[in-house]
Amino acid sequence: MASGSGTHAASGHSANPGVPTVPGCTDLSLLNKFDMNEIMNCMQCGFCLPACPTYRQTGKETASPRGRIALMKGVAQESLTINDEFEHNMYLCLGCRACETACPAGVPYGSMLETAREVVETNKKQTKGQLLIRKVIFDQVFPSPARLKTAGTLLWTAQATGMQKLAVSTGLVNILPKPMAEMQAAIQTIASPMQRRKRLKIVKSTKPKATLRVGLFLGCMMDVLFYEINQATARVLAKAGCDVEMIENQVCCGALHAHAGEKAGAIELAKRNIEAFERSGVDYLVNNAGGCGAALKEYHHWFHDDPAWMERAMNFVSKQRDINEILTELPPLTFDKPLNARVTYQDSCHLAHGQGIRIQPRDLIKSIPGVTYVEMNRADSCCGSAGIYNITNYEMSMDILDDKMENVKETQPNYVVTSNPGCLIQMKHGVNRAGVSDQMEAVHIVELLDRALS
Amino acid sequence: MLSKEVRSELLQIVGDKYFMDTENELYAYSYDSTPLFQSMPDAVVMPGSTEEIAAILKIANARRIPIVPRGSGTNLCGGTVPVEGGIVMNTNRLNKIREIDQDNLTASFGPGVITADLHAAVERLGLFYPPDPGSMRISTMGGNVAECAGGMRGLKYGVTKDYIMGLELVLPTGEILHVGGKNAKDVAGYDLTKLMVGSEGTLAVVSNITAKLLPLPETKRTMVAYYRSLTDAARTVQRVIAAKIIPATMEFLDQATMKVVEDFARIGLPCDMQAMLLIEQDGMEAQVERDIMRIEEIAYQEGAVEVRLAQTTDEANKLMAARRAALSALSRVKPTTILEDATVPRAHLAEMTEQVNVIAKKYNVQICTFGHAGDGNLHPTCMTDERDKEEIHRVEKAFEEIFHAAIKLGGTITGEHGVGIAKAGYLELKVGEAGIDLMKRIKAAFDPNGIMNPGKIFAKSDRRRVVVSKCECGHDETQHKHDDSKQSV
């Protein structure tokens, strides 16, 4: 006979004196990081389940937003321990936040997930010490524009000298971990150090009188891997009547840190960006990466305990614009080169679910002469890129991508348009993987606009 | 805990990928959409075929291990909470629509098919499966059958039981049985098909479903009417039906609900009104036009302040979406939301709604009421906080009184959510001692060892209290009794 392990609610436990401390968790004050009101606000209605890519793949409650929140509640109430399984479940989530769109109760899942990962990481540091590679990436590489540039130069050297091709042809590429080896094929030609040095600090409006002075948020990954898209963004904004400045001292937005549970690192980066923006005096700071944009617009959530910075963050947040958003607010672009093409659009999760920007990119695409826009099925469902998810959870990411490509292929497009660097790499990889690179190209929306403008 | 032997047998049947029993996995199947109920299973299995279901049931039956069938876990009666532990059997992998028979107007599919996916599949062929429970985007058809799900189209089209024609069942002994079928008329023996619908997983596991389909109505119109008084709204419902018009949908939201929905959906609801009716009629265009005009007339006669016809499909969808979001939008107000479904014959709608308000005041609890006005199925919904034990106690008292009031008006304790664990203590109010006794004997005939979803429908004792959950001493409630002061809902 089964034990009938009983009828209890988890909250009964925490009220119980003499509950043993959580094994593997040295610091119970860690659990105070969870906001019980936010957790309790999830009524377990399950409306988020069909929106969740990992639930759709697995059919398992542990891989659903409702399940993950329940697990957070279990940990917060000391019914569950912070162990490897909990960590795995928190990191199996793409963080795409499609569940937030589906949730009628307004549960702020994204920030709850960040807290859960912060708890996991802090607990690990306290019990195991941090992995060196993680430390190097989050403490050394991302916060430093110089180091990122070095990484870019190294990548450029590899490409320029044909090492990349050599690596592929000799099979050297096979010693890279499989995800990295496969993904590198999706990366564009890296900008040369010379190109970077020649970059203009200000791109002037092509209209006689500039309507706005905007800063361009360059991003970390974006500027290394997709330098040309940043340059195209400046060109498009200039044609829309903006003076565009590459403002000094800006750094990575901190989203990757926050999503990976490195909140302190994220906050440091946020402060530097706020300072850089304030010094520049521009009207708006424009970004072309849905993921960065969502983080930039949520800086105020990171300063709950710091009123002075909170106020500066609120001001900063009010001046953030996604490229799609600002272009539809400005007078329409005058295109001079029709593109005779079928185009479909893949939503960036943090643009659609995080910032609610869905119509603007579609309207921009439709405004290009000669374009036939075809909406794909489940366009706002994650492509599986999700920051570094396609490297950390390669197989799940590829399962999700393969489903995505089925929907893409159905629309028979010439272009699959995205609006975020991570999605762009993933969709490029998806096109290669599906063997349809002779039929379609994955591009950033700015590239498409730029091609129709020049 | 399952024995090593049982564990390895189950693993052999479903395979590694579909057997779950780690700490997190068990925890994730310890709850469903019902607030306040939680209990750990010993294992979770996801069988991929009828044969696998049969093999699992044989093992469980031989060893008296509880089996809790489960779909997406969106029921509101604690029906899939494994209150006596055992094996949670998730049938979501059986999610193929095998056939849509356009000659016989039937569909045949696995229990894991999502309700909304069935809707989409049949509607592509111009056919119609009417039941549309609030959770239809994620609820499974297996779950709909188990709970006899209703929805917003119940008034004109009925509920799940009116559409289920045939079932494939697996009995606890592992026998596979086919009941009913595609015949429009079939009186060969007891109607076991109907008996299974709404049996809440306490008799057998459903492994395939055959449902009746209708032609998809040609057109649909949606309208809203706003009222300064609750009774005016309720009287409109009665007058429309008395005028021999059966609308597809007549939904009702009270002021408190409207405020919360407006806050969430921003569709311009006039929140100074006391109530609103959402009315939908479908059918042939001329008929729909005529009905809607007539309903509008009646609404004004009965005191509606404003009547609006949705001008576009988009507008209509937005209005209906607001109603669909009502429950979850209410959950924004307070951490815990308890939704009930006391139902009365529709002529007593106004009386029942007023009683709910009086009872809420008496116990000083916050209750919003919305629901399916056309079929008298109300959803008095209480916003509370499960951490406030004293308030929860008052909530419990209030609901007890609401159930009594419904019964007194010739109603029932549950219209469409099922009894499960949440209302087990009140079943006797509705069916009486003899009714419970007969139902228990029916269960014993199907499930002599009592392994099928034990602890559901029938209360463990005669206490008319919402049993279970939160046992503060940490023991299993089934092991010893508590006095009232210690237990909560």
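Student: How are α8(B) and α13(B) oriented relative to each other, roughly parallel or roughly antiparallel?
Tutor: Bear in mind throughout that this is a predicted model. The axes of helix α8 (residues 230-242) of chain B and helix α13 (residues 349-362) of chain B come within 8 Å and cross at roughly 150 degrees. Angles over 145 degrees count as roughly antiparallel, and therefore α8(B) and α13(B) are roughly antiparallel.

Student: Which residues of α13(B) make the contact with α8(B), and how do the residues of this contact divide by class?
Tutor: On the side of α8(B), the contact is made by L230(B), T231(B), A234(B), R235(B) and V237(B), and on the side of α13(B) by L349(B), A350(B), T353(B) and E354(B). Sorted by class, the contact of α8(B) with α13(B) has five nonpolar, two polar and two charged residues.

Student: In chain A, at what angle do helix α23 and helix α24 pack, and what is that arrangement called?
Tutor: Helix α23 (residues 394-410) of chain A packs with helix α24 (residues 421-433) of chain A at an angle of about 75 degrees, and their axes are 10 Å apart. Angles from 65 to 115 degrees count as roughly perpendicular, which means that α23(A) is placed relative to α24(A) in a way called roughly perpendicular.

Student: Which residues of α24(A) take part in that contact?
Tutor: The α23(A) side of the contact consists of L401(A), K404(A) and M405(A), and these residues meet a set from α24(A). That set is Q426(A), G430(A) and R433(A).

Student: Is C148(B) buried or exposed?
Tutor: C148(B) lies in the loop between α5 (141-147) and α6 (154-157) of chain B, and its phi is near 50 degrees, a positive value in a residue other than glycine. Most residues other than glycine have a negative phi. For burial the cut-off is 20 or more other C-beta atoms within 10 Å, and because C148(B) has 22 of them, this residue is buried.

Student: And Q412(A), is that residue buried or exposed?
Tutor: Q412(A) sits in the loop between α23 and β8 (415-418) of chain A, and its phi, near 45 degrees, is likewise positive in a residue other than glycine. A residue with 12 or fewer C-beta neighbours within 10 Å is exposed, and because Q412(A) has 12 C-beta neighbours inside 10 Å, it counts as exposed.

Student: Which residues does C271(B) contact, leaving aside its neighbours within four places in sequence?
Tutor: C271(B) is in the loop between α9 (255-265) and β14 (275-283) of chain B, and with 15 other C-beta atoms within 10 Å C271(B) is partly exposed. Its contacts beyond those neighbours are Q255(B), M258(B), K259(B) and E262(B).

Student: How far apart in space are A116(B) and D132(B), C-alpha to C-alpha?
Tutor: A116(B) belongs to helix α4 (residues 115-123) of chain B, and D132(B) is 16 residues away from A116(B) in sequence. In space, C-alpha to C-alpha, the two are apart by 8.0 Å.

Note on methods:
Residues are numbered from 1 along each chain as its sequence is written. Chains are lettered from A and ligands numbered from 1 in the order in which they are written. This is a predicted model: local features need pLDDT of at least 70, side-chain atom pairs count only at pLDDT 80 or more; totals for chains, interfaces and linings use all residues. Helices (H or I, at least four residues) and strands (E, at least two) are DSSP runs, numbered from the N terminus. Axes are lines fitted to C-alpha atoms, for helices over the stretch in contact, and angles run from 0 to 180 degrees between N-to-C directions. Angles under 35 degrees count as roughly parallel, over 145 as roughly antiparallel, 65 to 115 as roughly perpendicular and the rest as oblique. Two residues are in contact if their C-beta atoms, placed from the backbone, lie within 7 Å. Ala, Val, Leu, Ile, Met, Phe, Trp, Tyr, Cys and Pro count as nonpolar, Asp, Glu, Lys and Arg as charged, and the others, Gly among them, as polar.
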